[in-house]
Amino acid sequence: MAPSIEQARQKVQSAFAEAMAWADTSERRAFAPFESGLWTLLLALGRALVSLFLAHQGQRLRPVQYRHGGRVYRLDDRRVSALGTRFGKVQFDRPVGREPEDRDAAADLPVDRDLKLCSGFSLGVVTDVTRLAAQMAFGIARETYREIYEWAPSPRAVLRMVDAVGKRAREFLEQAPAPEDDGEFLFIQVDGGGAPMISEAEHERRCQPHQARTVGTTKRKQRRLRRKERPRARRTKGKKSKNAKVAVVGVLYTLQRTPDGIEGPINKRLCATFESHRALFMWLRHEADKRGYGRKRTIFLGDGSEHIWRLQQEYFPLAEACIDWYHVVEYLWSAGQACHKEGSAELKGWVALQARRLRRGSSKAVLEELRRMRREIPKTGPGTKGKRERLDKAIKYLVDNRSRLIYEELRRDDLDIGSGAVEGAVRNLIRMRLDGPGMRWSRQRSEWVLHLRCILLNGQWKEFTDYLAAGPQLTLPAKPAPTIPHTAKKAA
């Protein structure tokens, strides 16, 4: 049973006295064990204070009969259950509302609703666990939480928390106002990165019941027998086991002109989705409009993906399109090796010359040089086919993106010409959390975690928790979201 108000007060006094006695001593003691013991005692004091607070809330006078959600309820029952708080689990006794005409219908918990509790947990616990789960593997997140608070929710509860909070992440990102004190030059960058998904075959295999261990064998031997019964076929060249689904990532930021020159990036914001390129561009346009697209000079940076540039023309026709500088330079290094030895001073000088020409707006001179080199490659001989292919790729890349080689204009105004911001965003958003060893994601949960990481990397977590606290009661789903497998298309 949960304690009465008077019993709760006595527990608070007892917990405080114990913590006081732990600190108020002249006994010689190292600080590390003292600090560890004090933290445990302070958590106990916190639980006692929470119990006192809940006892007051559970015994407040309320109307015996009330209406909620179009239904009539009557308070004629009580429920005692454990509530997970940052200080640990405490017993919570409160009245329960039931429908007078249908006693078997789901009960209503008016006190939980008033306190905005989250299906047996405080909002602080839910957001803390979710934040850790967005930064590290779920199991490690639980252990990290346990190390801090000396208890942790179950693995199933962690998934329910991530699902509930993750569902609210996209709406928060979209409703967030434009940053204050934004710069006068708006930059938009787009790229993508893959995360491993659980395939239909693997999902079906994991849903099978576990085989009972044979009597007289160890778990180690059982695993060996299982591998022997189901040997894995050796993958041939070019075949990957990742089964990746690509997430498209967008970055928006601004640069500001100051008396000392251009300053930035300012107010960098990330958004990303596994849904589709078009879905990301619709989201990006919404964010860009908030930040002055159409009124500010806008530069769109990307790599050589034709799909990205088609959508850029559709959603950002007023932006200045620029192909990422570093992708172009990589093509120059590859093409230069057709005539110069890799790592040689001649190759370095040749690439530097072509790069200077591009920065000065002389893309025609670079193309003429590449075509001259292509003509001089013999049609037969060792290695000549590979050299021709390198030069052909570089020529095609520059021809296809010739209208986007606007480096002279942008550098003259001291503006960015590289897409390093989105390259880093792909690494931080996807690689560092969603692309770990052995990970296999469901389509739905990977999307939610991706949005949570956008909030984290945007530095908006405090605003997000305030948004959740101010909104309707956050209710955890009864069970984790079902797994939605994804089977990547096989390369031809």
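Helices here are DSSP runs of H or I with at least four residues, strands are E runs of at least two, and both are numbered from the N terminus. This is a predicted model, where local features need pLDDT of at least 70 and side-chain atom pairs count only at pLDDT 80 or more, while totals for chains, interfaces and linings use all residues. Residues are numbered from 1 along each chain as its sequence is written, and side-chain values use heavy atoms, leaving out hydrogens and water.

Let's start with charge. A positive surface patch takes in Arg205, Lys219, Arg220, Arg223, Arg224, Arg226, Arg227, Arg230, Arg232, Arg234 and Arg235. (Patch residues have over 30% relative accessible area and no salt bridge, and like charges are joined within 9 Å; a salt bridge puts a side-chain nitrogen of Lys or Arg within 4 Å of a carboxyl oxygen of Asp or Glu.) Helix α8 (residues 219-229) gives the most to this patch, with 6 residues. Arg205 sits in helix α7 (residues 200-206) and is partly exposed at 44% relative accessibility. Buried means under 20%, exposed over 50%, and partly exposed in between, with a 1.4 Å probe and protein chains only.

Now for strand β4 (residues 185-196): 11 of its 12 residues are buried, so the rest of the structure largely encloses it.

Lastly, Arg9 lies in helix α1 (residues 5-23). Arg9 and Ile395 are 386 residues apart in sequence and 80 Å apart in space, C-alpha to C-alpha.

Definitions and conventions: Patch = residues over 30% accessible without salt bridge, like charges linked within 9 Å, V, L, I, M, F, W, Y side chains within 5 Å. Areas by Shrake-Rupley, 256 points an atom, 1.4 Å probe, with all protein chains shown as cover. Lys, Arg positive; Asp, Glu negative; His and termini not counted. Charge placed at Lys NZ, Arg CZ, Asp CG, Glu CD.
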